[in-house]
Amino acid sequence: GQMGIGDSCGRGRSQSWLGMMYRDGDEGVVQDVETGLELLEKAEIKVIDALDVLGRHYYETEEYENRVSHWEKAAAQGQPNAQFGLGICYHDGRGV
């Protein structure tokens, strides 16, 4: 299936995009949040944008510690959305 494409190539960016597609059910892919998060977790090693997407997912699900953990990693690498999101976490006192 499609999951094997990004996984077998070992390309973080393809894992990241597939993860987002599965998580959100985009581009004709049947929504599968668990598979999407699994792909994003694998991609996070290589792609800071995957860290941001994971942070946003955990923001939406109110899993504060997971959100901060991923956004801290991405923010440290200069990802602007993660820096902004992390600032909100500190402002609101959630997960920090």
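Predicted model: local features only at pLDDT ≥ 70, side-chain atom pairs only at ≥ 80, totals over all residues.

Residues are numbered from 1 along each chain as its sequence is written, and side-chain values use heavy atoms, with hydrogens and water left out.

**Exercise 1. Find out how many helices and strands the chain has.**

Step 1. Helices (H or I, at least four residues) and strands (E, at least two) are DSSP runs, numbered from the N terminus.

Step 2. Counting these runs gives 6 helices and 0 strands. Along the sequence, the pattern reads α-α-α-α-α-α.

Step 3. Now for burial: buried means under 20% relative accessible area, exposed over 50%, and partly exposed in between (1.4 Å probe, protein chains only). Of the 96 residues in the chain, 40% are buried.

**Exercise 2. Work out which residues form the largest nonpolar core.**

Step 1. A nonpolar core is a set of buried Ala, Val, Leu, Ile, Met, Phe, Trp, Tyr and Cys residues joined through side-chain atoms within 4.5 Å.

Step 2. The largest such core holds 9 residues: Met20, Leu37, Leu40, Ala43, Val47, Ala50, Val53, Leu54 and Tyr58. The elements giving two or more residues to this core are α3 (33–43) and α4, and α4 gives the most, with 4 residues.

Step 3. Another core, of 8 residues, lies apart from it, and includes Leu51, Val68, Trp71 and Leu86. As a general note, nonpolar side chains tend to be buried together in soluble globular proteins.

**Exercise 3. Describe how α4 and α5 cross.**

Step 1. Axes are lines fitted to C-alpha atoms, for helices over the stretch in contact, and angles run from 0 to 180 degrees between N-to-C directions. The axes of α4 and helix α5 (residues 64–76) come within 8 Å and cross at roughly 155°.

Step 2. That angle makes α4 roughly antiparallel to α5. Here, angles under 35 degrees count as roughly parallel, over 145 as roughly antiparallel, 65 to 115 as roughly perpendicular and the rest as oblique.

Step 3. Look at who takes part, where contact means heavy atoms within 4.5 Å. Among the residues making it are Leu51, Asp52 and Tyr59 of α4, and His70, Trp71 and Ala74 of α5.

Step 4. Finally, visit the loop between α4 and α5, where Glu62 lies. Glu62 is exposed because its relative accessible area is 53%. Glu62 also has a positive phi of about 60°, although it is not a glycine. Most residues other than glycine have a negative phi.

**Exercise 4. Is His57 buried or exposed?**

Step 1. Locate His57 in helix α4 (residues 48–60).

Step 2. His57 counts as buried, because its relative accessibility is 7%.

Step 3. Not counting residues up to four places away in sequence, His57 touches Arg23, Val33 and Leu37. His57 and Arg23 are 34 residues apart in sequence, and their C-alpha atoms are 8.9 Å apart in space.

Step 4. His70 is buried, with a relative accessible area of 5%.
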